[in-house]
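Work through the exercises below with the model open. Try each task before reading its solution.

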Amino acid sequence: FGKEAALTAGLAHAAGAAVVIMDADLQDPPELIPQMMQEWKKGADVVCMRRRSRRGESWFKRRSAHHFYRLLNAISDVDIPPDTGDFRLLSRKAVNALQQLNERNRYMKGLFAWIGLPTTIIEYDRLARVAGVTKWDYLSLFNLAFQGITSFSVAPLRVAMAGGAVTAFLGVLFTLWIVVKALVLGDPVQGYPSLIAMITILGGAQLLSIGLVGEYVGKTYYETKQRPVYIVRDVIRRGGAASETTGRVDGDAVHESYHAAA
């Protein structure tokens with residue numbers, strides 16, 4: 001079901017007064033967890049880990065990620081900490097707040113910021129991958145970025161509307177110029193090239209705007225289906241669930257098994 005659904009499933013089944021999200025390939029150093037817990041004990045509900053450097057990644061990937069976070073913050077109403085990935089600590093209060101968000105089109109970095117609880121940022125140097133290869137190609141990263149933009153901003157729709165207004169205005173000026181040129185200056189109207197140019201420009205702008213609107217309509221369509229974000233096949237849990245109010249964990253060992261079929 002994808003990374004965002006996997007994060008949602010993990011947070012829904014995690015027990016404890018605090019939960020840490022990190023990659024399994026050791027790019028996120030486990031030795032930083034005690035430092036994260038210190039900030040949590042001081043009162044932070046979310047401890048974000050900001051990447052100061054990113055080893056083992058191309059220059060293009062680093063620069064594109066850097067600019068994407070700034071663009072998203074510029075057009076979104078939610079202040080998403082830049083240069084932060086999924087590596088973070090969440091208090092029980094933060095996890096419970098996230099579980100109230102039932103949307104199907106999920107961009108977890110935006111949801112982490114949307115809950116608005118006290119947040120602390122720690123900078124660290126991200127290591128190179130210890131084993132394996134990434135499953136995120138540039139097309140997948142672009143789709144994730146587009147998902148983040150359309151999930152937390154309607155700015156693309158406003159840009160499309162402004163672009164349509166500018167195109168229409170330029171079309172009116174061009175039409176007036178052709179009329180003046182034919183009537184006042186006596187030049188014959190050069191119909192075919194100008195007509196084809198206008199049709200091409202307006203047709204492309206309209207198709208682009210319709211596709212952009214369709215992206216938002218498609219998100220609404222998927223939300224109305226109310227399909228589950230994920231389906232659980234098996235869960236083995238050791239340790240009791242944390243209290244929603246205090247975050248305390250029952251010390252009795254509990255073994256639960258769930259089975260679900262698609």
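The exercises move from the overall fold to single residues, and the model is a predicted one.

**Exercise 1. Describe the fold and its confidence.**

Solution. 
- Step 1: Count the elements. The protein has eight helices and four strands.
- Step 2: Read them in sequence order. The pattern is α-β-α-β-α-β-α-α-β-α-α-α.
- Step 3: Check the contacts. Of those with a separation of 6 or more, 77% join residues 24 or more positions apart.
- Step 4: Check the confidence. The average pLDDT is 78, and 85% of the residues score at least 70. Residues 241-262 fall below 50, and this stretch has 44 contacts in the model beyond near neighbours in sequence.

**Exercise 2. Find the nonpolar cores.**

Solution. 
- Step 1: Start from burial. Of the 262 residues, 34% are buried.
- Step 2: Take the largest nonpolar core. It holds 27 residues. Leu11, Phe68, Leu90, Leu98, Tyr107, Phe112 and Ile115 have the most contacts inside it.
- Step 3: Look for another core. A second, separate one has nine residues, including Ala44, Phe87, Ile122 and Tyr124.
- Step 4: Return to Tyr107 and list its partners, leaving aside neighbours within four places in sequence. Among them are Glu4, Phe68, Leu72, Ile80, Leu144 and Phe152.

**Exercise 3. Is Ser91 buried or exposed? Which residues does Ser91 touch?**

Solution. 
- Step 1: Apply the cut-off. The relative accessible area of Ser91 is 3%, so the residue is buried; buried means under 20%.
- Step 2: List the partners. Not counting residues up to four places away in sequence, Ser91 touches Ala17, Ala18, Trp40 and Asp45.

**Exercise 4. Locate a nonpolar patch on the surface and classify Leu185.**

Solution. 
- Step 1: Take the total surface. The protein exposes about 16,200 Å², with 62% supplied by carbon and sulfur atoms.
- Step 2: Name the patch. Phe174, Trp177, Val179, Val180, Leu183, Val184 and Leu185 form it. Together they have about 710 Å² of accessible area.
- Step 3: Classify Leu185. Its relative accessible area is 53%, so Leu185 is exposed; the cut-off for exposed is over 50%.

How values were computed. Residues are numbered from 1 along each chain as its sequence is written. This is a predicted model: local features need pLDDT of at least 70, side-chain atom pairs count only at pLDDT 80 or more; totals for chains, interfaces and linings use all residues. Side-chain values use heavy atoms; hydrogens and water are left out. Helices (H or I, at least four residues) and strands (E, at least two) are DSSP runs, numbered from the N terminus. Buried means under 20% relative accessible area, exposed over 50%, partly exposed in between (1.4 Å probe, protein chains only). Contact means heavy atoms within 4.5 Å. Accessible areas come from the Shrake-Rupley method with a 1.4 Å probe; for residues, only the protein chains shown count as cover. pLDDT is the predictor's confidence in each residue, from 0 to 100. Patches are made of residues with over 30% relative accessible area and no salt bridge: like charges are joined within 9 Å, nonpolar side chains (Val, Leu, Ile, Met, Phe, Trp, Tyr) within 5 Å. A salt bridge is a side-chain nitrogen of Lys or Arg within 4 Å of a carboxyl oxygen of Asp or Glu. A nonpolar core is a set of buried Ala, Val, Leu, Ile, Met, Phe, Trp, Tyr and Cys residues joined through side-chain atoms within 4.5 Å.
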